[in-house]
There are 4 protein chains.
Amino acid sequence: MTYADRMTEAAPSAPSPRRRDRAATRAALLEAARLRFSRQGFDGTGVREIAADAGVDAALVFRYFGSKEKLYAEAVHVEIPQGLTDGPPRPLTRVTDELLYDVVFGDWEKFDGEHPLLVMLRSAHRPAVRDQLRDRLCDGYLRDFAERLGGGDAALRAELIGALLLGMGVMRSVVGSPALTEATFDETRLLVARLVRTLTEPRADGVG
Amino acid sequence: MTYADRMTEAAPSAPSPRRRDRAATRAALLEAARLRFSRQGFDGTGVREIAADAGVDAALVFRYFGSKEKLYAEAVHVEIPQGLTDGPPRPLTRVTDELLYDVVFGDWEKFDGEHPLLVMLRSAHRPAVRDQLRDRLCDGYLRDFAERLGGGDAALRAELIGALLLGMGVMRSVVGSPALTEATFDETRLLVARLVRTLTEPRADGVG
Amino acid sequence: MTYADRMTEAAPSAPSPRRRDRAATRAALLEAARLRFSRQGFDGTGVREIAADAGVDAALVFRYFGSKEKLYAEAVHVEIPQGLTDGPPRPLTRVTDELLYDVVFGDWEKFDGEHPLLVMLRSAHRPAVRDQLRDRLCDGYLRDFAERLGGGDAALRAELIGALLLGMGVMRSVVGSPALTEATFDETRLLVARLVRTLTEPRADGVG
Amino acid sequence: MTYADRMTEAAPSAPSPRRRDRAATRAALLEAARLRFSRQGFDGTGVREIAADAGVDAALVFRYFGSKEKLYAEAVHVEIPQGLTDGPPRPLTRVTDELLYDVVFGDWEKFDGEHPLLVMLRSAHRPAVRDQLRDRLCDGYLRDFAERLGGGDAALRAELIGALLLGMGVMRSVVGSPALTEATFDETRLLVARLVRTLTEPRADGVG
DNA sequence: TATGAATGAGCATTCATTCAT
DNA sequence: TATGAATGAATGCTCATTCAT
């Protein structure tokens, strides 16, 4: 059996055998789903596994969420933090600092340590997940970001910054590259800030 | 056509020749597997599908490769191109130019149009794939790259460049972000070169 | 989903009157069950569907009726109409006329347009339904009918008439055969009357 | 458990543990399916049951037939006997005699004793089965039959004969009505022949 | 009493894999 | 050696029914 690499640890939480509590059961399923999907991706996770983690019957997944796919969509959904262009005015490098922390260095406990965008990336071969990812990334983060930048190729430069941050997240959490994994947030933010400024400040010489 | 034509050709179809020798059958399976895995990822591809594409029985996958997982490993394996620090000496931005073309803009026919690293990323939720990806990326590209860069945090800066390129590939092929998808190679390389120089040139001001 | 032809329209009635007494709820369940079972058969109907039509919880089905099977039995039960040999005396062809109308051409609103016998026939693979059907048909219609006919093989001839009428109902509503579906009641009754007389009138020549 | 009425007898045949014999396995599955479907209808039969009867794994149902529905279609398919208007010329009552025997009195061993039309009737709530039934009945038996009869309402009279025979089959095998169940073929054919003649012979008086 | 949360057996179907030939 | 028949565990999902409240 070559599929033994699937992690089989029990649910870390599953606190009380709460019974007959709709909200709590739903929440327990969502929490279990988040963790499993984060670790194992969509295809690698079974609904029975999730239900067992939550301590309930698998049929409740369908009662409460309709399908595995909808459970996934709801599990990886997070309210997009408004903090890009909204909130108190602050310099762009401050904004990217926050994003860097969130996406790359943040410890998203509920998602097994990774940013939900990276979690979704892991199951992005599914069209539904891909769409969700695109919405969150392009219509969420990047659009606001591009508006903040000026110039004709604002969208492209915004996506480059997005690519950098996303790529760093991939490097750390998916690939596990050594330098980024061991680097501290402070070491990294200086480099990132320099890169962001490079894309932000208008350069008189347009030389590549 | 890729920047450096390092892919060796192979029959694109191999339709009719019924009687095949062992080597040809193996090659046909590998080619079919490469295309299917690239398009559909590991989980989304069945061994019967691959075998049917190759015109042979599915049992041969196990006879020749032992398991689906090992077939995958062999299918996505490509000899790491020597073109980073080897070859004729050329400026670093030229090297990253080549990498940008390969990873982000290149058309890898044998992998259905994408760089094998992106293909692997798509199935990276599997520990085996993840390990393979890490080896290829860290011990392959990034190590050579870091040696080329000087300074104390060379490895980190090398990974940042790697993250940028990998992130751009993800943006284009997985996420499908609009600006990067529509941008031309030439529009993009100027921006990337600027970023690379930012990480390369020693800056007197160490401000982040 | 190849079974999408299952009708999914909501209940046409039972809209608003929230608070109901026991009797009204029971009646609402029965009515909903009758319609659903008539349309979709026993296996094709779920208790949740019925309960939803009636506007109550599915558990009430079990509280009131014990099981889906018992609900079915009660739903398709109708008082056998007395109109065969009872009532004012009238010729036998008149009686079969009435039966023809009832079974084949009648519009049984409460059973979605079909005679309950045909409805039951549709789920007659269930032993319980089959028993109910046999009781209704043999101990109900056919016994009275046979008494009306004279002669040694009265029972057999009665069953032949029953078979004709039942078969016509099957042809129209289950099979959907073209001629019987489009024929009018008046076109048909002449032929049926002739057949009935054939079985009724003593024939001098006993030739088959 | 109110569903205990499902018959659970083992397969009567399952002769040899024939292994690795495509044709024999296919045939064993078909035979088991025919019996189970005949007894229990489409919904009441599981593919595991069928496979167990045939002594093989349930997955083979899908390997050989694609789906449960296709297995059903193939299981209840019989070559329609040409013997209505084809073959040596013979009087119509002789033709109906044959049909009577086939549909009502014949012992179709492979279908658990019933004519396949009656078997299909049992699962006719499924659109696919219904279509198959209609094809077999209307386009098969009845069309040829109507051509044989003359007159303006030939189709209607043909369907009346069909209804009679089908209804008799239902009475015997589904309802289990006593007289028809106990009657001999010879007792019955005389009555049926009289009925057929009634519909065949032109009557000067068109009175119903 | 009536609600609705929970259950668990069951469903058809798919899959990588093995084994007889 | 290579074919393809056979396997069995796992998949997502549905259902009638029960039980706590």
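1. How many of the eight residues of helix α2 (residues 47–54) of chain D are buried? Six of them are, which leaves this helix mostly covered. Please keep in mind throughout that this is a predicted model. The buried set in α2(D) consists of D:V47, D:E49, D:I50, D:A51, D:D53 and D:A54. Two acidic residues, D:E49 and D:D53, are on that list.

2. What covers the buried residues of α2(D)? The cover includes α1 (22–40), α3 (59–65) and α4 (68–75) of chain D. Just past the end of α2(D), D:G55 has a positive phi of about 80°.

3. Directly after α2(C) comes C:G55, with a positive phi of about 75°.

4. Now to the charged pairs. Side chains of opposite charge can pair when their charged atoms come close. Over all chains, the salt bridges number 52. One that I would look at is between A:R126 and A:E69, with 3.5 Å from N to O. This pair ties together distant parts of the chain: A:R126 sits in the loop between α6 (116–121) and α7 (127–148) of chain A, while A:E69 belongs to helix α4 (residues 68–75) of chain A, 57 residues away. Are the two partners buried, exposed or partly exposed? A:R126 counts as partly exposed, at 25% relative accessibility, and A:E69 is partly exposed too, at 31%.

5. A:R189 and A:D186 form a salt bridge whose closest N and O atoms are 3.3 Å apart. Both residues lie in helix α10 (residues 185–200) of chain A, three residues apart, or about one turn of the helix. A:R189 is partly exposed at 30% relative accessibility, and A:D186 is partly exposed at 47%.

6. Chain B has a salt bridge between B:D186 and B:R189, with 3.4 Å between the closest N and O atoms. Back in chain A, salt bridges with shared partners join A:R36, A:E49 and A:D53 into one network.

7. How many residues are in contact between chain A and chain B? The contact involves 52 residues of chain A and 51 residues of chain B. Together the two chains bury about 4,600 Å², with 69% of that area on carbon and sulfur atoms. There are zero salt bridges between chain A and chain B, but eleven residue pairs are in polar contact across the interface.

8. Which elements make up the side of chain A that touches chain B? Those giving two or more residues are α7, α8 (154–175), α9 (178–182) and α10 of chain A. The most comes from α8(A), with 16 residues. By class, this side of chain A holds 28 nonpolar, twelve polar and twelve charged residues.

9. Finally, the relation between copies. Chain A superposes on chain B by a rotation of 177° with 0.0 Å of shift along its axis, at an RMSD of 0.5 Å. The two copies are thus related as by a two-fold rotation axis. They meet through the same surface, because 90% of the interface residues of chain A are also interface residues in chain B. For chain C on chain D, the superposition is a rotation of 177° with 0.0 Å of shift along its axis (RMSD 0.5 Å). There, 98% of the contact residues of chain C recur in chain D, and the same surface serves both copies.

Notes
Residues numbered from 1 in each chain as written. Chains lettered and ligands numbered in written order. Predicted model: local features only at pLDDT ≥ 70, side-chain atom pairs only at ≥ 80, totals over all residues. Heavy atoms only, no water. Salt bridge = Lys/Arg side-chain N within 4 Å of Asp/Glu carboxyl O. Helix = DSSP H or I, 4+ residues; strand = E, 2+ residues; numbered from the N terminus. Buried < 20%, exposed > 50% of the residue type's maximum accessible area, 1.4 Å probe, protein only. Contact = heavy atoms within 4.5 Å. Buried area = accessible area lost by both parts, 1.4 Å probe. Polar contact = N/O pair within 3.5 Å; in protein donor to acceptor, adjacent residues only side chain to side chain. Nonpolar A, V, L, I, M, F, W, Y, C, P; charged D, E, K, R; others polar. Least-squares fit on C-alpha atoms with pLDDT ≥ 70 in both.
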